[in-house]
Each structure stands twice: as structure tokens, then as C-alpha cells.
Amino acid sequence: MEYSEKPDLVINGVTTASGGDYGKVRIDGVGTVEGDIVAESFDANGMTKVRGSLATDDMDCDGMITIDGHVSAGKSLVDGLMKIKGSLKADRFTVNGMLKVKGDCEIEELRMDGGFTIDGSMNVGRLYVMLNGQGRTREIGCESIQVRRKRRTPWAALITWVLPRYAIELHTSSIEGDDIDLEHTETEVVRGNRVMIGKGCRVDLVEYRTELKVHPSAKIGKGVKIGG
Amino acid sequence: MERELISKKELLDEKGISYGQLYRWKRKQLIPEEWFIRKSTFTGQETFFPKDLILARIDKIMNMKDDLSLDELADKLSPLLPAYEMRKSDLEKRNIVSSIVLQRFASEDASEIVYTFDILLYFYVVDKLLQAGEMSMEEGEHLLQTLREHFPKFETKPCDLVFIRKMGVSSFALLSVPVEMYFENGVKVVARLSMTECIEQLKGKLV
């Protein structure tokens, strides 16, 4: 089996390890990896730092993880905060918490519960967002997207009222896709086949092909039907 | 030399595809990143594509996607030089490169010799320009030399071949794309070929 040929990396406590090609990687505590790392599986708990790029088939991160380079992952589960300074590529990605990416995101299926800041653009096959914090990205291209918001606590409602900048909303410049179902989203353009603009949305322009539904509390500038 | 562009919306209308498909193909690397050209228009940011390239590519994807999975398709379309090799005699038989080119540039090679894909590509490009009547035999020799010497340096990066002539003196250049080029007066751009396109055409012929 190929598994046994590569060494495993185990970090407990406060340690620095070098990058390289590993079998299983398990980090508990405060671990730093110097350089690029390739692993069959990557399991991090606690504070993890990778000073390089990370490539793995199976990723499970709890706690805080910072990656200076790019990430390419297969199936991934992140609980906590993940910061990526490069770009992110993944198959199935689940985040409970916060995701921050400086570059672009290309993911087949992304489920997000929490908030995110993606400075590049997002290209996601199926995107499910449950907003529990702010979502910001330059633009979204997808096959299907669904955005929902958790019920706000009275405190959150008060903060939003005092500081509208911190409202729990999704902000982006454009959303393009086939099936679009939004709530609490502010964007300039939405382009898609079936478009549902739910409560709390502010959209300047909607271009749709087959269907457009607008919630009474949503504000849209213009809805245009295009194509045959 | 300005390339004709097509906006994303026009492209989707013309080909009858959806945003989802386009993004999917981009994720699968069926459509290269550098074809997505962002420009600001009066309606805000819009994405444009080089018209000839993207239309040909989408036709190809639509034709082949029923028979092949997207991943197989990506292999077929990727600009990486594939591991195709071919014997000289087969090359002649299948008429991929005309016999004149082979006689002229490969007469000393035995007919059993096996050419790697990059050599095939060089012959193909030379043949293409010769057939178009844009280049003479001597220039062909120079081109072959240029390609042998410099094309491998691009590795997998996309590049264009530019063939210019001024006052009867010709020269070749290989450049990585996307790039804008302007020449002094009197320079005639005889041909500009995308090597990536050539690779694909040749791949199509070999398979």
C-alpha cells in the first residue's frame, strides 16, 4: 500500500516541522509547518500555521489555521477560522465559522455556516450559505446558490441598528448562476435562469431567463428578462 | 492585430449555454483563465473572451461532452504537450505533414525514426505556414530552428508565434500571451499563430 511508504507527521504541543510529502498529518496544539506540504490527510486542532502551500485529499481543521500559500483540498471540514493568503481549490468544503481567502476560490460544493471574506472571485458549483456573520466577496459564479440567514438575537439586531456597517449580510458586486436563491444580499447585478430574490435583499439589476420571484421586502432596481 | 472580443452575455446567447456550465468548464480548466478578459463598460464590469478562440472551444466541448467525461476532456484540451509519438513513415502515410516538408527538413531521418510530440508540432507549424503560401522554404528552416531552440522554454505556458517581414527580411518571434504588440511602419505581420491552438489542431489530427 502506498500509505505506508510516506512518513506521517504528528505534532503535539508547540512545535515547528518542515514541509514535504507526508502520509497522515496530525497537529494538536500550536504547530507550524515551514514550507509547502503535501499530505494524504491533514488533521489540525488548535493553532496551526503553514508557511507555504497545502495540498491534501482529506482535511479536517478545528481551531485556527493560517496558510500562507495556496490550498488544494479534496473533502474538507473546517470548524473555526481559516485564513488563506493564496487561492483555494477544493472538491467538497464545509466551513462552520469563518473563512478568509485573499485569492480566488474554486470549489465544487461549498457549505458555509458563519461568515467569509474572499478578496478574489468565487467559482463554486453548488453554494449553500447560512449567514451568521458578514459575507464579502468580489463576485460569485456558480451553478446554484442559496443564501439564508440565521435568526438574529436581539443583541445582533441592536448592533445592526447602531452600526449598519456590521449588518449580517452578503455583499458582492455580481452573482451569476443557473439557480439563484438569495436572502439578505446586497449586490449590483444578479444574472441567472431561475432567480429568487428573498427578504432583505438589495439588488440594482436582475437579469433572468426563465423565472424571477421577488419578496415584497426586497428592493430591486430593475428586473429584465433576457433570451427567448 | 486587435482580436475580436465577445461579451459573456453574447456568448451565452449565441451558444445557448448557461452561466453554470461556463463556470463549471472554467473550474475544470476546459477554458483557460487568460481568456477571461475583464473590461469596464458603461454597465459596470463585464467579462469578454477572444471570440474565435472561445467559440471554437465551446463547439469542441459541446461536441465531445457526450462521449467523454469532463476530466477526460480537460486532458484532451490542456495545453500540456501530450505523450503522442509517431513514426516518420506513419506521419507521411496519414498526411498530417505534407511530404514536401518531410523531404526538405527530415530527409536524413530514417523512416523508422519516432518523433516526439514537440517535433511533430514544429513540422506541423512549418507545414501550415508553407501551405498558406506565406513563407518560403528557407524561412521554414529558420522557423524550425527557432522553434527547436525556444519553444521548450515556454513549458506549459501558452504562447504565440509571430512572423514579420520588413523590406523582404523576415524574422520570427515567440511570445507568451496575452501580450500587445506594436510595430514600426513598414513591418508587415505575415502571420500570428497561437501555438496552443496548433497543439490542439494537431492533437485532433493524431487521435
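This is a predicted model: local features need pLDDT of at least 70, side-chain atom pairs count only at pLDDT 80 or more; totals for chains, interfaces and linings use all residues.

Author: In chain B, the centres of domain 1 and domain 2, taken over C-alpha atoms, are separated by 27 Å. The domain assignment places domain 1 of chain B at residues 5-77 and domain 2 of chain B at residues 86-206. Where the two meet, seven residues come from domain 1 of chain B and five residues from domain 2 of chain B. Between them these domains bury about 520 Å², and carbon and sulfur atoms account for 45% of that.

Helix H1 of chain B covers residues 8-15 and helix H2 of chain B covers residues 19-27; their axes lie 10 Å apart and the packing angle is about 105°. Angles of 65 to 115 degrees count as roughly perpendicular, so H1(B) is roughly perpendicular to H2(B). On the H1(B) side, the contact is made by Lys8(B), Lys9(B), Leu11(B) and Leu12(B), while H2(B) brings Tyr19(B), Leu22(B) and Tyr23(B). Sorted by class, the residues of this contact are five nonpolar and two charged, with no polar ones. Keep Tyr19(B) and Tyr23(B) of H2(B) in mind, as they will come back when we reach the partner chain.

Now for the sheet. Three strands of chain B, in the order E7-E6-E8, form an open sheet with antiparallel pairing. Strand E7 (169-176) and strand E8 (188-194) of chain B are at the edges; each has a single partner strand, so one side of each is left without a neighbour in the sheet. From one strand to the next, the twist averages 15°. If you want to trace one pairing in detail, follow strand E6 of chain B, residues 159-166, which pairs with E8(B) over six bridges in the antiparallel sense. A handy landmark there is Asp160(B), which stands opposite Ser194(B) in E8(B).

Two helices pack on this sheet. Helix H8 of chain B, residues 137-150, touches E6 and E7 of chain B, and its direction makes about 25° with that of E7(B). Helix H9 of chain B, residues 195-206, touches E6, E7 and E8 of chain B, and its direction makes about 55° with that of E8(B).

H9(B) also has a helical partner. The axes of H9(B) and helix H7 of chain B, residues 117-131, come within 10 Å and cross at roughly 105°.

The contact between the chains takes 17 residues from chain B and 23 residues from chain A. About 1600 Å² is buried between chain B and chain A, with carbon and sulfur atoms giving 36%. On the chain B side, Tyr19(B), Tyr23(B) and Arg27(B) lose the most area to chain A, together 43% of what that side buries. Here are our two tyrosines again: Tyr19(B) and Tyr23(B) also belong to the contact of H2(B) with H1(B).

Chain A has one helix and 11 strands, and its C-alpha atoms fill a box of roughly 60 × 45 × 20 Å along the principal axes. Its domain assignment gives domain 1 (1-89) and domain 2 (104-228), and the C-alpha centres of these two domains of chain A lie 31 Å apart. Strand E3 of chain A, residues 71-84, and strand E4 of chain A, residues 88-101, pair in the parallel sense over 13 bridges; within that pairing, Val95(A) is the bridge partner of Val78(A). E4(A) also pairs in the parallel sense with strand E5 of chain A, residues 105-118, over 13 bridges, and there Lys100(A) stands opposite Thr117(A).

How values were computed. Residues are numbered from 1 along each chain as its sequence is written. Chains are lettered from A and ligands numbered from 1 in the order in which they are written. Side-chain values use heavy atoms; hydrogens and water are left out. Two strands pair if DSSP finds at least two bridges between them. Helices (H or I, at least four residues) and strands (E, at least two) are DSSP runs, numbered from the N terminus. Axes are lines fitted to C-alpha atoms, for helices over the stretch in contact, and angles run from 0 to 180 degrees between N-to-C directions. Contact means heavy atoms within 4.5 Å. Domain bounds come from an automatic or database domain assignment. Angles under 35 degrees count as roughly parallel, over 145 as roughly antiparallel, 65 to 115 as roughly perpendicular and the rest as oblique. Ala, Val, Leu, Ile, Met, Phe, Trp, Tyr, Cys and Pro count as nonpolar, Asp, Glu, Lys and Arg as charged, and the others, Gly among them, as polar. Buried area is the accessible area (1.4 Å probe) that two parts lose on being put together, summed over both.
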